[in-house]
Amino acid sequence: MTLKVLEFYSGIGGMHYASLLANWDCRILKAFDVNDIANRIYGYNFGNETIGQHLIEGLDAMYFDNWRADVWTLSPPCQPYTRTGMQRASHDPRSKSFIYLLHVLDVMNHRPTYILVENVKGFETSDSRDMLVRQLQKSGYYFQEFLLNPKAVLGMPNSRLRYYLLARLHPSFDGDGQLVDKLPSHLNAPSYPSCIGSYLTNEANLEEYSVPNKVLLKMGNVFDIVKATDVSSCCFTKGYSHYAQGTGSILQTNLEVDTVEVFEAIEKAKQQGDDEKQIQLYRSLKLRYFTPREIANLMGFPSDFNFPSTVSKKQQYRTLGNSINVALVAQLMRYLVA
């Protein structure tokens, strides 16, 4: 049977790609997102026919009911559940559409058989999660929750800890109602290359992606610096390349120098007020940003995923930072519909 899918908060198409990787026989009925840039990228890769650039809460319940979708995938805005977003959860205006969809689920006649929700760690302790669970129970769903990191469960060299909820009308899950941190063992999930170098491209231009001198001087000491031989990198967020701390790792391309020794020399030059010497030392590491393509690789996007030429690098970083790990979600999709 071909599954009919409604994608909510479809972004750049991460859920769509995950359904392909999961080998779902499915048809995307509509992909809802209000972000014009994300929709432009989605349309570039999948066509514009299914894109619905509507305010979800502006559409009545009958509109969604009439689609008679088998699957809902949802990756609602994460800001209401983060420290920087003040963790206001359901009281944050950005959660309005998600709360509205819970109302739709309550009143509709043709509920989806399957539901997949993705969000940041922190969602699991929010009142939005409690509202979601109550509605699922009221509507007769079995559900299971996860906190999963692609590095831990798939061996991918990138940390992206996220909350996931799977729900279905039948059958029940082995760990129904539990919050777990592992994929079910019977999935036999694949192991991915563990070294960062496996995800790098040959086309990255050091000059184009090098870290500016003023950023090196001001924020170089807070960078998470990794090498191609490393097996871990920090989560890439929408602020990557714009903010230095906590937005993603920086790549050291010169493997011939000792990073610790260089930073000791940088600290000495800093104490002496020698900015020129600091820059010279930083430059010896040959630091650069990961390219958008490399970040997409680390997030499990396939090689045929591309950005249109009209989307700037900053916009590419921002939309990737708001997306999902395709490889991990594909495994959850396999479990959901098993």
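Author: Start with Glu-208, which has a relative accessible area of 46% and is partly exposed. Here buried means under 20% relative accessible area, exposed over 50%, and partly exposed in between, using a 1.4 Å probe and protein chains only.

Reader: Before we go on, what kind of model is this?

Author: It is a predicted model, so local features need pLDDT of at least 70 and side-chain atom pairs count only at pLDDT 80 or more, while totals for chains, interfaces and linings use all residues. Residues are numbered from 1 along each chain as its sequence is written, and side-chain values use heavy atoms, leaving out hydrogens and water.

Reader: OK. Which side chain meets Glu-208 in a salt bridge?

Author: Lys-313 does, at 3.2 Å from N to O. A salt bridge needs a side-chain nitrogen of Lys or Arg within 4 Å of a carboxyl oxygen of Asp or Glu.

Reader: And where do Lys-313 and Glu-208 lie?

Author: Lys-313 is in helix H12 (residues 313-321) and Glu-208 in helix H7 (residues 206-209), so the pair ties together parts 105 residues apart in sequence. Helices (H or I, at least four residues) and strands (E, at least two) are DSSP runs, numbered from the N terminus. Lys-313 itself is partly exposed at 33% relative accessibility.

Reader: Which residues do salt bridges join into one network?

Author: Arg-129, Asp-130 and Glu-145, through salt bridges that share partners. One of these bridges runs between Glu-145 and Arg-129, at 2.8 Å from N to O. It links distant parts of the chain, since Glu-145 sits in strand E6 (residues 142-148) and Arg-129 in helix H5, 16 residues away.

Reader: Is Glu-145 buried or exposed?

Author: Buried, with a relative accessible area of 3%. Arg-129 counts as buried too, at 18%.

Reader: How many salt bridges does the structure hold?

Author: Nine.

Reader: New topic. What sits over the ring of Tyr-209?

Author: The charged end of Lys-313, 5.4 Å from the ring's centre. Arg-168 likewise has its charged end over the ring of Tyr-335, at 5.8 Å from the centre. The rule is NZ of Lys or CZ of Arg within 6 Å of the ring centre and within 35 degrees of the ring normal.

Reader: How many aromatic pairs are there?

Author: The structure holds 23. Phe-8 and Trp-72 are an edge-to-face pair, because their ring centres are 5.0 Å apart and their planes are at 70°. Rings of Phe, Tyr and Trp (its six-membered ring) pair if their centres lie within 6.5 Å; planes under 30 degrees apart are stacked, over 60 edge-to-face, the rest tilted.

Reader: Why does the pair of Phe-8 and Trp-72 tie together parts of the sequence?

Author: Phe-8 lies in strand E1 (residues 3-8) and Trp-72 in strand E4, so the pair ties together parts 64 residues apart. Both Phe-8 and Trp-72 are buried. They belong to one aromatic cluster that also includes Phe-32, Tyr-63, Phe-64 and Trp-67.

Reader: Last one: which residue does the UniProt annotation "active site" cover?

Author: Cys-78, in an unreviewed entry. UniProt positions use the numbering here, feature names are shortened, and annotations may be inferred rather than shown by experiment. Cys-78 is in the loop between strand E4 (71-74) and helix H4 (96-107). It is partly exposed, at 25% relative accessible area.

Reader: What is Cys-78 in contact with?

Author: Leaving aside neighbours within four places in sequence, Asn-119 and Val-120. Contact means heavy atoms within 4.5 Å.
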